[in-house]
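Q: Can you walk me through this structure? Keep it quick, please.

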Amino acid sequence: MTVREATFFGFGNPVDPRPAELEAWAYHPEAVPLSAMPKDWDLLISGDVLGPTLFELAMDRQCPARRFAQHCMYIYAADGVRQNASSQRKRRLKKFMERAEQVGDEPMQIWAHNCRVLMTRPELFDHHDWMEGGLVRNPRRLGLFNRR
């Protein structure tokens with residue numbers, strides 16, 4: 001039985017879910033609506049431990065929680081382009097971007113493009129777009145020459 005076929009039975013610790021729990025929830029998000037999650041849950045889970053899981057969910061066109069995973073990947077990326085981000089985070093982010101560019105669909109290719117723009121022009125960071133889901137709700141390619 002795959003995770004997609006499995007029933008979601010809940011989180012052992014919703015503040016620190018295991019990758020398999022997050023994946024099971026993502027295919028059954030109605031089991032625990034986002035409104036029932038801890039405050040700032042998106043920020044809490046968008047780190048290195050769950051980054052690979054979130055990326056796979058964001059890449060899966062069939063995942064019911066895909067847009068949420070894409071939102072988390074924008075958070076992950078915004079944290080990964082900071083000057084003091086760990087080298088592990090920067091390397092992993094670059095691998096995610098390359099994969100999204102090679103085999104991702106349009107939303108993930110846009111995500112990768114926007115990550116590259118932010119790496120080149122960190123001053124273009126907009127909290128609403130990157131941390132609050134603006135680039136998922138209103139997908140668009142950021143321009144390198146935007147003025148601020």
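This is a predicted model: local features need pLDDT of at least 70, side-chain atom pairs count only at pLDDT 80 or more; totals for chains, interfaces and linings use all residues.

A: Residues are numbered from 1 along each chain as its sequence is written, and side-chain values use heavy atoms, with hydrogens and water left out.

Q: How many aromatic pairs does the structure hold?
A: Nine. Rings of Phe, Tyr and Trp (its six-membered ring) pair if their centres lie within 6.5 Å; planes under 30 degrees apart are stacked, over 60 edge-to-face, and the rest tilted.

Q: Is Tyr74 buried or exposed?
A: Buried, at 4% relative accessibility. Trp130 is buried too, at 1%. Buried means under 20% relative accessible area, exposed over 50%, partly exposed in between (1.4 Å probe, protein chains only).

Q: Which residues do ring pairs link into a cluster?
A: Phe8, Phe11, Trp25, Trp41 and Phe68.

Q: New topic. How do H5 and H6 pack?
A: Helix H5 (residues 87-103) and helix H6 (residues 106-120) pack at about 140°, with axes 8 Å apart. Axes are lines fitted to C-alpha atoms, for helices over the stretch in contact, and angles run from 0 to 180 degrees between N-to-C directions. That angle makes H5 oblique to H6. Under 35 degrees is roughly parallel, over 145 roughly antiparallel, 65 to 115 roughly perpendicular, and the rest oblique.

Q: Which residues make the contact?
A: Among them are Leu93 and Phe96 of H5, and Met108 and Trp111 of H6. Contact means heavy atoms within 4.5 Å.

Q: And what about Thr53? Which residues is Thr53 in contact with?
A: Leaving aside neighbours within four places in sequence, Thr53 is in contact with Pro19, Leu22 and Glu23. Thr53 lies in helix H3 (residues 51-59). At 14% relative accessibility, Thr53 is buried.

Q: Last one: where does Pro122 lie?
A: In the loop between H6 and H7. Pro122 is partly exposed, at 44% relative accessibility.

Conventions: Helices (H or I, at least four residues) and strands (E, at least two) are DSSP runs, numbered from the N terminus.
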